[in-house]
Each structure stands twice: as C-alpha cells, then as structure tokens.
Amino acid sequence: MAPKTAFNLRFLGGFLLLCALVGGGLAGGFRLLRQEIRTTLHAEVDQQVAEVGRTLWTMRSLYLERVQSSMRVLRQLAAAEGPAAAGDPVVVEARTVRDLRFGNLRGAAGNTLVDRTVDLVGGTATLFTRDGDDFVRISTNVRRADGNRAIGTVLDPAGPAMAALRRGDAYYGVADILGRAYLTGYEPVRDAAGAVIGVLYVGYPIEAISQVGRLLEEAQLLGQSVIALLDRRGEPLFPVPTTKVRLVESARAGAAGAAATWVEGDWSWRKELFPEWGFTLLVGVDLAQIDRASWDQVLPVFGFMSPMILAALGLGLFFARRLSQALTTAERLREEARKLALVASRTHNGVLITGSTGRIEWINDAFTRLTGYPETEALGRHPDEFLMGPDTSPATLAEKKRARQERRGFQLEILNYHKSGRPVWILADGQPILDEQGEVRNYIVVQTDITHRKQAEAELRAAQEAAEQANRTKSAFLANMSHELRTPMNAIIGYSEMLMEEAEDTGQDAFLPDLRKIHGAGKHLLGLINDVLDLSKIEAGKMTLYVEAFGVAEMIAETAATVQPLVAKNGNTLAVEVDPAVGRMRADVTKVRQTLFNLLSNAAKFTHQGRITLGVAPATHEGRTCVAFRVTDTGIGMTPEQVGKLFGAFVQADASTTRKYGGTGLGLAISRKFCQLMGGDILVTSQPGQGTVFTALVPVEVTDPAPAPTPAAEPPPPAPVAAAGDASAPLVLVVDDEPTVVDIISRSLVREGCRVRSAGNGRDALALARELKPRLITLDVMMPSMDGWSVLTALKADPATRDIPVVMISIVDDRQLGFALGAADYLTKPIDRGQLAAILARHVSRGEEPRALVIDDLPDNRAVLRHALEREGWQVAEATDGRTGLEAFGRQRPALILLDLMMPGMDGFEFLRELRACEDGRGVPVVVVTAKELTAAERETLRACVENIVQRDSMTTEKLLGEIRAHLGKAPAPRA
C-alpha cells in the first residue's frame with residue numbers, strides 16, 4: 001500500500017476514533033448533567049419539604065398554645081358565672097336535650113359565652129351538652145355551609161376527641177368539624193358530683209395558617225416539581241397551580257397506599273407524613289422535563305466544539321511528543337512514590353490514605369498492628385464503619401466530618417476498637433491533598449497510639465474524684481456528728497454549773513474562779529463545735545434556707561444594738577447608715593443577721609480606738625438586684641496575700657494575727673458560704689494600716705425552697721363582742737388575717753358565752769394580749785409580716801403572756817420551729833436553767849404535786865437534769881430508754897416528762913408514739929431535751945404528738961370549740 005494511502009487510512013481511523021470520543025463525551029456529558037440537575041432539584045425539594053415540616057411543627061406548637069390559652073379564657077368566663085349543672089330539658093333543632101347551666105346563665109338561651117370568648121381570642125368556641133353517649137352543640141359560633149350557627153349538631157362519635165371525652169379526659173389536637181380541619185381543644189364539664197354533663201370547645205381552622213401556603217407557592221422549582229399538602233381525606237389544603245391539579249389528583253391514589261415512593265408516567269412521587277395532624281406532604285418531580293433541559297444545555301456546547309475537532313487533529317502530533325515527555329516524568333514520580341510508600345510502611349505509626357469520599361485506598365503495616373485489620377479487610381471501607389464503637393464520641397466524629405467538609409486538616413483523639421474488641425485510643429493527624437482546583441483528592445491520616453496516656457489520665461481523674469468524695473464524706477460525717485460532739489459538752493457545762501451552785505451554797509468561794517473558767521471554756525468550745533458543724537453542713541449540702549420577708553432597717557437596728565457592747569470593748573464607735581431606698585427583702589434573716597454579727601465582731605476585734613461603719617444600700621450582683629451590707633473599719637488592715645487566703649476554713653490573716661487576736665478562722669468562711677447559699681457573695685478590700693471594707697451582697701428576693709406564703713389579706717373587721725352585761729364571760733383573742741375565718745370563729749364563741757376580740761396581724765395580737773390578758777388565744781400560723789410561730793415565741797417569752805393557753809390553727813407544716821417538736825415545749829442542750837424553770841412553772845397547775853420523769857441514756861445528762869429539778873422542789877424519777885420510761889410512767893404518773901431523742905433500744909420518737917397511744921398519756925406535757933439536728937421527717941414525726949394544733953383543712957366549728965372548752969376548763973388564770 002502506498003504511503004499516502006496508508007497515511008489517509010491512519011488519518012481516517014484517527015478521525016473516526018475522534019468522532020467516537022466526541023460522541024461518547026456527548027453521551028457522558030448528558031448523563032452527568034442530567035444527574036447534576038436531578039441532584040440539585042432533589043436537594044432544593046428536600047429543603048422545601050424540610051422547611052414545610054419545620055413550619056408545621058412550629059405552627060402546631062403556637063396554635064396548640066393558642067388553643068390552650070383560649071380554653072383558659074372560656075373556662076374562666078364560665079366559672080365566673082357560677083358552678084356547672086345540668087339544666088331543664090330544651091329543644092335544639094328539633095332535638096330535646098338537657099340544658100347546660102353555669103350559675104344562672106343558660107347555655108341554650110344564647111351565645112353569650114362563646115361570643116365573648118371569640119371576641120377576646122378569636123377562632124371558634126362551642127358549648128356541648130351531654131345526651132346519653134352523644135354531645136350536642138347548644139351554643140356555638142361555628143357556621144354551617146348556609147351561614148347559620150351549627151347548633152343541634154352532634155360531636156363526631158368516631159373522632160379522636162369523643163374517645164377521650166368518654167373517658168372523662170381532655171383532648172387537644174386536630175379534628176374534622178363540618179368537613180373542615182381544625183386545631184381543637186375539648187375539656188369535659190363536670191357537675192358538683194363529678195359527672196361529665198357537657199364539653200367546652202375552642203378551635204382554629206388549619207387552612208388559616210397562611211405561612212404554610214406561602215411556602216408551598218414558593219416550592220414550584222423550574223416548573224419541574226410540585227408540592228401539595230393533603231388533609232385526612234386526601235384533599236389539598238392549599239391551592240395547587242392549575243397546570244398541576246390533574247397531576248395531584250392522579251397521584252392521590254398512590255399517596256393513599258403504603259409505599260413511600262412511586263413512579264407514575266413521567267413523574268417520580270414521594271410522600272412525607274405529618275401524623276400529629278394526619279396530613280400528607282406530596283412531592284413530585286418531572287423526569288421527562290429534566291431530560292429535555294439536559295439536552296438543551298449539552299447540545300449547544302458540543303455543537304460549538306465540533307469546529308475544533310480538525311484543530312485537535314493538527315495538534316495531535318504535538319501532543320504525541322509531549323506525551324512521551326509526560327511518560328518519562330510519570331515514571332520518575334512513580335519511583336518517588338514507591339520510596340515514600342516504603343518509608344510509610346516502615347514507620348511505627350499507622351498510616352492510611354483515603355479518597356475524596358473517605359474510603360481507604362492504602363494502609364501500612366503499622367495500621368494492621370494497631371487495629372488488627374489486614375489490607376484485604378480495610379481497603380474500600382470507611383474507617384468509621386469498622387474502627388468506631390459504642391463509646392466513641394459522636395462529637396469527635398462530627399468534628400472530623402466538619403474538617404473534611406471544610407477541606408482542612410484535623411488532629412483529634414479518637415477511641416477506636418481493635419478487631420478483637422479491645423479499645424485503642426488514637427491521636428489521628430489528618431491532612432488533605434488538594435488538586436489544582438482546590439478540591440480534596442486524598443486525605444493522609446497518621447495514627448499514634450495514646451492508650452497508655454489516656455489510661456494514666458483516667459487513673460488521675462479517678463484519684464481526684466476519690467479525694468473529692470473523701471472530702472464530701474468527711475463533711476457529711478461531721479454534719480451528722482452533732483449529737484456525739486455536743487453530748488460531752490453538755491455534761492461539762494452542766495456539771496460546772498452544778499459545782500458553781502454547790503460552791504456558792506457551801507461558801508467555798510475559792511473554787512468559783514476556776515469553775516467559771518471551766519464553764520466559759522466549755523461554752524467557747526461548744527461555739528467552736530457549732531461553727532465547725534455549720535461549715536460541714538454547708539459543704540455536705542445539708543444547710544437549709546428558711547426564707548421570710550422582713551424589714552431591713554428594723555433588722556439592722558436590732559443587730560447594731562446587740563453588737564454595740566462588743567464594739568465599745570476596744571474603745572470603738574459604731575455608725576449605721578441605711579439608704580432610705582432599702583425597704584423590705586425576702587431572705588434567711590437568721591443567716592443574714594449571723595453574717596453581720598461575724599463581720600462587725602471581726603471589725604471590732606481588729607480595730608482599737610477607731611470607727612466602724614455599717615452601711616446598707618441597693619446594689620447589683622451578677623444581674624440580680626441585691627442589698628449591699630458594707631462594714632468599714634479603721635483597723636490594722638491586710639496585705640493582698642492575706643486577703644487572698646482570708647475565706648479559707650480555719651484560716652486567719654497569718655499565724656501572728658491568730659496569736660495576738662485569737663479566733664478560729666471559721667466566721668468569715670461560714671458567712672461567705674451563707675451569702676453564696678442565698679445567691680450572693682462577700683467581697684473585701686483592704687490596705688495595711690488603713691482598715692478593711694467587707695461587703696456582703698444578698699439578693700432582695702432569695703429563692704424560697706418552700707411554697708410561697710399566702711398573700712396578705714385586708715385587715716379584718718372588728719369581731720363581735722358579748723353583751724356588756726356579760727362582762728364576767730371568758731375573753732378570747734382571735735388572731736387571723738382572713739376576715740372570713742375571724743367572723744366564723746367569733747360568732748361561734750359568742751354563742752358559747754365568750755367575749756371576743758380579734759387581731760389581723762402578729763404585732764396587734766401581741767399588744768392586745770399584753771393589754772387584755774385573755775383566757776385563751778386562737779392563733780393562725782400563716783400570716784403576713786409576722787407568722788404565728790413568731791407570735792407564739794414572743795408570747796411565751798413575755799412574763800405577762802406566757803401562761804395564756806394558745807390554740808394554733810395551721811394549714812401548713814411548720815418550718816425551723818423548735819417549739820412544736822412533739823410536745824408542750826422544746827429545749828436544746830446545754831440547758832438554760834431559767835428557761836427550764838419557766839417551763840416547769842408553765843406546765844404544772846397550782847396545787848399539783850411537782851413530779852417529773854427524766855428519760856435519757858447518759859447518766860451525766862440525767863444527773864444534770866435531776867439536780868436542776870430538785871433545786872426547784874421537784875421529785876424526780878429516771879429511766880435509761882423509752883421502754884423503761886413507759887414502765888416508770890405506768891408505775892407513777894408524772895406531771896412532766898423530760899425526754900432525750902437519741903437513745904438505744906426505744907428512742908424518743910418511738911416513746912412519744914407509745915405514750916400518745918395510751919389514754920392517760922395524752923395529756924402529760926413532754927419537754928424534748930436534745931442536741932440532735934432534726935430532719936424534716938423527724939420534725940413531722942414529732943409534730944404528730946403536738947398539743948394545741950388544729951389543721952385548718954379538717955377543722956370544724958365543733959372541733960375548734962371543743963378544743964377551746966378544754967383549755968378554758970383547765971388553764972389557770974393568767975398572772976396580772
């Protein structure tokens with residue numbers, strides 16, 4: 001064959017090959033473009049579907065809240081008319097039913113309630129009356145198709161609301177009403193006997209949610225898709241473009257089936273369910289139009305490229321030469337890659353190379369050693385598919401995924417799992433390899449085994465947690481040791497008092513100074529124990545807040561008067577400055593007062609011949625409105641180093657300060673923890689030689705762990721008083737802030753022949769009690785400003801009123817109350833002798849033989865109590881526990897029992913239950929003498945045995961009068 005012919009044949013072959021390449025490129029380009037258009041379209045459709053779903057959820061939440069608010073309005077309007085009851089039979093649209101009444105308002109007489117509700121909140125409202133198993137509309141603003149109100153129609157017996165109402169439950173959700181979908185609320189109406197006699201209804205039509213409709217209008221993308229929202233019956237809730245109505249109608253049959261996706265003609269369909277409303281979101285994509293759009297874009301491109309084919313042939317020879325050069329370069333690069341692979345395969349760290357999709361393309365031998373997976377089991381797989389386990393952090397995997405999406409490197413600690421199941425901690429260092437366009441071609445990940453380091457960190461954390469738990473256990477132990485710590489101190493203080501009395505009686509005055517030193521040291525040590533226990537209770541989480549409202553100025557005045565002698569001891573003066581803007585606050589007044597005592601006494605200790613100022617003003621701390629109590633002194637001051645360790649427990653400024661000024665270093669630590677417990681803090685500034693400023697910040701409204709007190713009522717009107725001619729009748733003082741209660745009690749007492757005066761608050765009650773000296777006082781516990789327990793405490797502390805019998809009337813359990821812990825009175829160890837003498841005089845009537853029973857397991861405690869009682873002229877019997885105490889009580893009935901709570905065998909709690917179960921043991925006064933910190937449950941147990949308590953929720957007039965008669969009959973006349 002001639003050379004020219006051979007060249008022509010080679011050229012023709014090349015031309016045909018080029019045409020084949022162009023045709024293949026055309027077909028491939030079409031497929032790629034079509035796939036890209038479909039992917040983009042599906043992504044946009046998915047975004048619209050997700051937006052519609054989020055909007056439906058948001059609308060559901062908003063409209064459900066709106067329905068619930070509307071129901072509250074309708075319910076309150078109905079309740080304002082009066083109680084619900086079934087009325088007389090009425091005829092509603094040719095149907096005879098029982099009317100539904102609210103007080104004097106007839107449901108069938110008009111549409112007053114529903115129209116007022118709709119005027120206030122919009123939507124629809126209805127009153128249903130019960131007719132057998134049906135509920136019939138007797139008043140509604142729901143309209144039929146003819147425009148008239150739909151009274152006489154029956155609630156759908158097959159609907160979801162009916163099932164709940166027949167059970168007596170409320171229903172909130174979607175329901176069909178006269179062919180329209182509403183978001184509704186139904187609540188049963190009950191009569192006085194609790195029977196369901198009707199239903200309250202409110203609702204809003206769902207098609208009024210215009211925001212969903214706007215989203216569906218915007219969801220028609222490039223004319224290649226359609227989105228429709230169907231109701232429970234399969235009807236579109238919002239208009240569909242007219243060109244696509246027939247498409248949606250033909251696809252409804254497929255939407256009713258079980259399949260989630262299907263193809264019908266040239267359209268691909270799928271459905272998304274919204275079960276909360278029973279709706280279906282129908283989404284269709286036009287496949288044929290996508291194909292046409294793809295050809296429309298591909299053909300012009302290749303048509304434009306056709307003239308360039310000949311030019312490509314001319315350039316073939318040139319590129320052939322370049323191809324030879326490229327092959328040489330590729331061989332060189334291949335050799336370099338082989339050397340790099342050899343290095344990677346010999347390193348101790350695992351190395352893997354992943355493709356752009358994240359699947360493994362290459363691993364080294366160290367990877368197999370670390371994970372146990374050979375090359376045959378790792379290549380082509382994604383690391384997350386087989387290296388991760390149940391304890392691998394999802395957050396770490398999400399961070400790695402974000403780094404890949406953002407085409408950046410990452411360095412993460414990831415918990416992998418060996419093929420054997422053994423956990424392996426890996427430090428993964430991944431770096432991307434990008435192409436010329438900046439797209440990720442590969443990721444090279446280097447794995448370093450850090451399992452031993454992570455194990456060491458875990459052991460360190462475990463050791464730290466163990467240390468913290470040991471500290472908490474220590475605090476809990478100290479917080480529970482009050483009885484064991486205070487019992488020996490009780491003996492020391494009690495015996496020292498006994499010895500001082502004996503020394504005074506026998507004239508051995510030489511012993512008195514040493515005995516007073518022992519007694520003072522015991523008191524000091526007891527105070528230290530109390531501080532340690534307070535601090536330990538705070539650290540163990542056992543310190544309780546008792547929040548109450550109080551006037552700041554009054555509390556400051558009392559505190560200043562109390563601390564004045566301590567301030568004057570070192571020749572100091574005290575100035576008090578209270579901002580008039582500071583009025584009342586709600587906080588634990590005891591802890592606030594103790595904090596101020598500590599700050600002022602601390603200032604007085606370190607200041608000599610100087611000035612101490614207590615300033616009170618409003619302030620803000622961490623976004624909360626607070627009261628700032630600022631204590632400023634002109635004392636020795638502190639260095640920054642001393643300030644830094646000031647609030648540590650058992651820490652003072654330095655050792656020399658402790659030696660010179662004394663103290664335990666607990667006062668400031670406890671004060672700061674008190675403030676922090678209430679949501680505040682203590683701040684300090686100081687300069688050596690120039691004085692110190694402590695600022696205690698306490699919120700104006702401290703969070704109260706107990707329920708809010710009953711709102712203050714208006715002062716009650718004057719109570720009725722017996723006739724003037726009956727001046728000899730017993731006088732009773734009724735103390736209550738509720739006028740209704742005062743009126744009921746007063747009328748009953750007047751009928752019983754008593755004279756009555758009343759007081760609406762604690763302060764008036766105390767003044768009247770001192771002035772009138774009534775034979776009896778009835779006292780409410782829950783009162784504003786000064787509650788009943790505070791009034792009772794003041795009454796018993798005043799010699800003029802302490803003997804007046806008091807009947808407590810309460811609707812709540814007592815808090816922070818020592819008086820009503822199980823009997824007539826309550827004492828804490830060590831015993832105050834004067835208080836004990838007053839209690840003895842209060843609980844024994846004139847002429848009664850003073851016989852007492854002391855029950856305590858410790859001989860020292862019994863000896864101290866016996867000595868105190870016998871000096872008052874009492875005969876004393878002893879018992880070592882509750883069981884022997886009951887036996888001693890049975891042999892000789894005492895006039896008074898002094899009882900310890902913590903005893904072996906039968907303790908004080910069980911003794912009280914057994915004693916009050918006996919007929920002759922119910923009236924014997926019991927004084928609890930204990931050092932135990934009582935829990936809420938123990939206070940409740942003791943409270944069951946309290947005398948003179950009447951629960952208001954079960955109180956009747958006869959019961960109250962019986963209690964008053966009993967006290968009037970046995971109580972001695974109060975001292976003048």
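How are helices H16 and H17 oriented to each other? They are roughly parallel, a label used for angles under 35 degrees. This is a predicted model, in which local features need pLDDT of at least 70, side-chain atom pairs count only at pLDDT 80 or more, and totals for chains, interfaces and linings use all residues. Residues are numbered from 1 along each chain as its sequence is written, and side-chain values use heavy atoms, with hydrogens and water left out.

**The helix pair**
- H16 spans residues 552-569 and H17 spans residues 589-605, and they pack at an angle of about 30° with axes 10 Å apart. Helices here are DSSP runs (H or I, at least four residues), and strands are E runs of at least two.
- The axes are lines fitted to C-alpha atoms over the stretch in contact, with angles from 0 to 180 degrees between N-to-C directions.
- On the H16 side, the contact (heavy atoms within 4.5 Å) includes Met555, Ile556 and Leu566, which face a group in H17 including Val589, Leu596 and Phe597.
- The contact residues divide into 11 nonpolar, 3 polar and 2 charged.

**A look at H17**
- H17 has 17 residues and reaches 24 Å from its first C-alpha to its last, close to the 24 Å expected at 1.5 Å a residue. That expected span is 1.5 Å times one less than the number of residues.
- Its buried residues (under 20% relative accessible area, 1.4 Å probe, protein chains only) include Lys591, Leu599 and Ala603.

**Threonine 778**
- You will find threonine 778 in strand E27, residues 776-780.
- Threonine 778 counts as buried because its relative accessibility is 0%.
- Its C-alpha atom is 6.0 Å from that of valine 735, which is 43 residues away along the chain.

Terms used:
Buried means under 20% relative accessible area, exposed over 50%, partly exposed in between (1.4 Å probe, protein chains only). Angles under 35 degrees count as roughly parallel, over 145 as roughly antiparallel, 65 to 115 as roughly perpendicular and the rest as oblique. Ala, Val, Leu, Ile, Met, Phe, Trp, Tyr, Cys and Pro count as nonpolar, Asp, Glu, Lys and Arg as charged, and the others, Gly among them, as polar.
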